[in-house]
Protein chains: 2
Amino acid sequence: MSEGKPRAVGLLGGGVIGGGWAARFILNGVNVRLYGPSSRSVERVQKMIANARRAYRRLTLLPLPSEGSLTVVESVADAARGVELVQESAPDRLGLKQQLLAAASRAAAPETLICSSTSGLRPSLLQAEMDHPERLLVAHPFNPVYLLPLVELCAGHRTAPETLDRATAIFRAVGMHPLLVRNEVDGFIANRLQEAVWREALWLVQDNLATVQEIDDAVRYSIGLRRAVMGPIQTYRLAVPVSSARRSMEQFRPGKIPWTKLTEVPEFTDAFIDKLAEQSDAQAANLTIPELEQKRDDCLVAVLQGLRAQGYGAGETLARWEKGLRDRAPQRTNGSDPLRMPMREIPCDWIDYNGHVSESRYLELFGNATGILLRYIGIDGEYLSKSGSYQAVETHLSRLRGLCAGDRVEVLTQVLGADDKCLRLFHTLTRERDDQPAATGEQMLVHVDAQSRRIGPAQANVRERVLELARMHAELPRPERAGASIELR
Amino acid sequence: MSEGKPRAVGLLGGGVIGGGWAARFILNGVNVRLYGPSSRSVERVQKMIANARRAYRRLTLLPLPSEGSLTVVESVADAARGVELVQESAPDRLGLKQQLLAAASRAAAPETLICSSTSGLRPSLLQAEMDHPERLLVAHPFNPVYLLPLVELCAGHRTAPETLDRATAIFRAVGMHPLLVRNEVDGFIANRLQEAVWREALWLVQDNLATVQEIDDAVRYSIGLRRAVMGPIQTYRLAVPVSSARRSMEQFRPGKIPWTKLTEVPEFTDAFIDKLAEQSDAQAANLTIPELEQKRDDCLVAVLQGLRAQGYGAGETLARWEKGLRDRAPQRTNGSDPLRMPMREIPCDWIDYNGHVSESRYLELFGNATGILLRYIGIDGEYLSKSGSYQAVETHLSRLRGLCAGDRVEVLTQVLGADDKCLRLFHTLTRERDDQPAATGEQMLVHVDAQSRRIGPAQANVRERVLELARMHAELPRPERAGASIELR
């Protein structure tokens with residue numbers, strides 16, 4: 001892909017879209033020449049680059065290329081010279097864009113690609129005044145440009161076919177997903193759908209049927225979660241999950257009482273239903289409906305878990321539900337036994353490309369077992385906020401035999417030792433019906449005070465339970481691998 | 001929340017929605033009495049419960065309550081007796097629903113809550129024929145019901161206010177996000193928006209402007225990713241991120257050339273723009289626009305990473321971009337030095353509620369350093385698929401001092417020993433300007449053959465590089481904590 005990556009690009013316009021392009025290119029190691037109308041917009045672009053830098057640090061652990069440079073230039077011609085791509089992101093006024101694109105086309109070398117970020121103006125109109133209009137293309141991105149992968153590519157009447165290929169290579173090289181819009185239409189594809197939603201949302205507000213917040217919440221706790229995974233049509237396909245796409249699509253004949261203020265709708269003729277069904281089958285490619293349903297579910301789980309880590313939207317709902325589960329979890333021990341984490345099955349998406357469960361999953365299982373033990377010794381919500389908790393400072397994981405998807409495993413946790421600040425645990429993960437452990441995890445935890453955030457003794461009630469548990473567990477056999485260190489075998 | 005959870009519910013209808021309700025209730029420990037018309041539908045419900053079980057195992061590591069029972073009953077009356085809630089999910093035909101709800105209302109105790117899953121019929125019409133219509137409510141969920149949290153609650157003219165409170169408690173207790181639809185309108189909120197999208201999508205297909213797949217891809221690689229995080233209105237608010245909501249909303253006056261076939265639209269009067277702006281400000285609550293932008297970015301990163309793990313949609317685009325980064329990553333070592341992972345900053349969302357970086361992040365950083373070393377010794381894509389790779393079987397993590405958000409850290413990796421199958425590494429994580437390590441990670445890796453998936457010697461070229469690196473690193477000072485075991489301090 002490196003071949004497609006330009007050395008330098010010229011950007012016209014430094015608003016939310018122009019700034020987003022600057023951020024994406026610079027973080028991908030491409031030099032940017034920016035022509036923006038005001039010094040305030042340069043400041044905003046710097047801010048967006050900082051936001052993008054912050055986001056990319058989370059997005060990947062891999063080293064990013066050295067950042068490209070940002071050069072603010074004083075004219076369109078200065079931005080367009082000596083670059084492989086000029087990307088215009090001015091406000092969506094036809095006259096203004098035509099003028100900018102024409103100026104850029106006169107200054108740029110004839111082989112320089114020229115793209116417009118227009119949200120909906122047709123490329124044939126945009127290229128009208130240009131020199132060498134064959135290298136003009138619409139390349140419509142989405143805010144934030146540095147994170148969302150889609151770029152809609154649309155050619156005008158006078159665009160040369162190789163222009164599309166070159167643009168596709170460039171946008172792929174900076175991490176995007178180019179989608180060819182094969183026909184010129186105002187708004188291309190995504191913005192036509194967005195505008196329909198926008199109009200209906202406006203009616204709901206206008207008619208006092210819902211507030212802005214109610215509308216947004218109705219989306220992000222439901223259909224919005226699906227949209228990150230599947231588009232609107234495949235979503236309907238799975239709502240009537242029969243094997244015939246035709247029978248499924250027939251069910252969605254728009255009703256006589258429309259559930260929208262927007263009433264224009266194509267007639268559901270047999271030929272039209274067939275067309276929908278054929279395209280839907282082609283889209284599903286070689287996945288059956290049950291396979292698609294499982295893929296959808298796995299992706300939804302991944303999205304929900306991502307949002308849970310952010311404590312946001314539907315992730316907050318999930319966290320609240322888990323809090324309920326935790327509060328209601330039964331305590332299954334009688335003192336002198338090791339604490340037992342209930343039997344659970346290894347899901348197939350825990351298996352990596354090597355056929356193994358990744359280390360972090362073991363850490364998760366043992367961390368969960370530690371959580372159960374901490375609750376058992378009295379660390380509840382109140383203790384956490386007032387007095388603190390235990391934190392692992394050392395962990396020794398050993399994988400002794402491979403686990404397969406579907407294996408049922410349980411974790412036993414034994415206290416190996418404790419004093420008023422430290423707690424040493426030994427977790428043993430065993431497959432159902434095996435007598436040898438499949439993995440072990442030894443952990444040293446220290447008590448960290450909630451206020452000072454420093455190591456300090458546990459409160460009396462917790463300390464007593466810890467020491468009592470340690471006394472009782474001292475009578476259990478000592479695990480063979482306790483205290484082991486790593487040696488070359 | 002446990003208070004809200006019913007002991008048993010009666011479900012009318014065993015299609016995609018009824019089956020989804022059965023799965024959600026049963027996995028949350030609620031007994032289900034199901035009245036479904038056919039034995040085929042019972043089979044489908046069993047299948048959905050199995051899918052939900054699979055999904056919940058990924059969703060949480062916490063122990064789920066003991067599953068509720070599924071009892072298939074032969075009549076509406078049988079489903080409605082002795083339960084706290086009757087949930088009707090028959091096809092969306094008014095007459096059919098009225099009849100089922102009336103029958104349920106005659107059989108159920110007067111205090112039994114009765115809800116309809118209708119996608120869009122008004123509750124005042126549904127309660128027309130019922131005994132005790134004051135306990136009827138629309139509770140409209142979304143497919144898959146066992147995963148998506150939203151349930152739209154809508155009362156009819158004759159619904160009692162406490163009915164809403166009781167329903168809210170029940171749906172919350174099984175992990176849902178109830179949203180009160182304050183006014184009766186066909187399609188409630190989410191489905192009005194969905195139907196508008198559906199109509200526009202149908203026009204795009206009808207007019208040959210785009211295929212089903214192109215439409216779905218245009219959504220899931222762009223606006224769909226935002227929808228999981230924010231609704232359509234706040235998305236527009238951030239597209240013009242000025243501090244005045246009024247100035248932002250003004251920009252979205254629907255155009256004279258509509259980018260949709262659906263042309264009805266409210267007039268953008270001053271009063272209407274003010275209303276939008278006030279509601280938008282209320283929604284943002286105490287977050288500024290830059291704060292909202294960062295929250296949006298963090299959530300988008302989380303969603304993209306979730307999809308990356310699934311290798312699906314926008315996650316596939318991210319994985320392809322990372323492959324490019326990996327292929328282009330410079331090798332920064334000259335043989336006898338430890339391998340150096342480039343300096344990086346600790347992002348603030350790596351910090352947990354205790355103010356600490358979680359253990360799995362250390363594992364990620366050290367795993368990444370191992371990945372860089374493996375590439376250095378010649379394990380590339382071809383080697384991976386043909387010959388195999390190294391896998392960590394033992395890891396000893398030690399956290400020696402706390403890390404804060406913004407700390408810049410680097411990882412040095414030293415080979416402590418190797419033979420033809422094993423590789424022992426020692427990672428040292430140091431903060432910029434510190435001379436003592438902040439954390440260490442010792443790892444034993446074994447070479448696993450790609451075909452047999454068993455431990456076996458590395459191929460000659462890799463083996464030679466490993467042994468050479470081990471010879472050179474043998475001259476480096478031995479890290480103080482190498483070979484350490486866990487001891488009670």
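This is a predicted model: local features need pLDDT of at least 70, side-chain atom pairs count only at pLDDT 80 or more; totals for chains, interfaces and linings use all residues.
Now show chain B. Chain A superposes on chain B by a rotation of 180° with 0.0 Å of shift along the axis, at an RMSD of 0.1 Å. The two copies are thus related as by a two-fold rotation axis.

Select the interface next. Chain A gives 160 residues to the contact, and chain B gives 160 residues. On the side of chain A that touches chain B, colour helix α7 (residues 190-206): with 17 residues, α7 of chain A supplies the largest share. Colour that side of chain A by class and you get 81 nonpolar, 43 polar and 36 charged residues. Of the interface residues of chain A, 100% are also interface residues in chain B, so the copies meet through the same surface.

**Helices across the interface**

Pick helix α8 (residues 212-227) of chain A and helix α11 (residues 270-284) of chain B. Their axes lie 8 Å apart and cross at about 60°. That angle makes α8(A) oblique to α11(B). Show side chains here. From α8(A), the contact uses Val212(A), Gln213(A) and Asp216(A); from α11(B), it uses Leu276(B), Gln279(B), Ser280(B), Ala282(B) and Gln283(B). By class, this contact of α8(A) with α11(B) holds 3 nonpolar, 4 polar and 1 charged residues.

Move to helix α9 (residues 232-239) of chain A and helix α8 (residues 212-227) of chain B. This pair packs at about 110°, with axes 7 Å apart. α9(A) and α8(B) are therefore roughly perpendicular to each other. Select Pro232(A), Ile233(A) and Gln234(A) on α9(A), then Val212(B), Ile215(B), Asp216(B) and Val219(B) on α8(B); these residues make the contact. The contact of α9(A) with α8(B) counts 5 nonpolar, 1 polar and 1 charged residues.

**The sheet that spans both chains**

Switch to strands. Trace the open sheet of 10 strands in the order β9(A)-β11(A)-β12(A)-β13(A)-β10(A)-β10(B)-β13(B)-β12(B)-β11(B)-β9(B); its pairing is antiparallel. At the edges stand β9 (339-345) of chain A and β9 (339-345) of chain B, each with a single partner strand, so one side of each is left without a neighbour in the sheet. From one strand to the next, the twist averages 25°.

Strand β10 (residues 388-399) of chain A runs antiparallel to strand β10 (residues 388-399) of chain B, and 5 bridges join them. Select His396(A): opposite stands His396(B) in β10(B).

β9(A) pairs with strand β11 (residues 408-418) of chain A in the antiparallel sense, over 5 bridges. Arg344(A) has Val409(A) in β11(A) as its bridge partner.

**A sheet within chain B**

Last stop: chain B. Here 8 strands form an open sheet, ordered β3-β2-β1-β4-β5-β6-β7-β8, with mixed pairing. Select β3 (70-72) and β8 (177-180) of chain B; these edge strands each pair on one side only. Neighbouring strands of this sheet are turned by 25° against each other on average, direction ignored.

Finish on strand β7 (residues 150-155) of chain B. β7(B) and β8(B) run parallel, joined by 4 bridges.

Notes: Residues are numbered from 1 along each chain as its sequence is written. Chains are lettered from A and ligands numbered from 1 in the order in which they are written. Copies are superposed by least squares on the C-alpha atoms of residues with pLDDT of at least 70 in both. Two residues are in contact if their C-beta atoms, placed from the backbone, lie within 7 Å. Axes are lines fitted to C-alpha atoms, for helices over the stretch in contact, and angles run from 0 to 180 degrees between N-to-C directions. Helices (H or I, at least four residues) and strands (E, at least two) are DSSP runs, numbered from the N terminus. Angles under 35 degrees count as roughly parallel, over 145 as roughly antiparallel, 65 to 115 as roughly perpendicular and the rest as oblique. Ala, Val, Leu, Ile, Met, Phe, Trp, Tyr, Cys and Pro count as nonpolar, Asp, Glu, Lys and Arg as charged, and the others, Gly among them, as polar. Two strands pair if DSSP finds at least two bridges between them.
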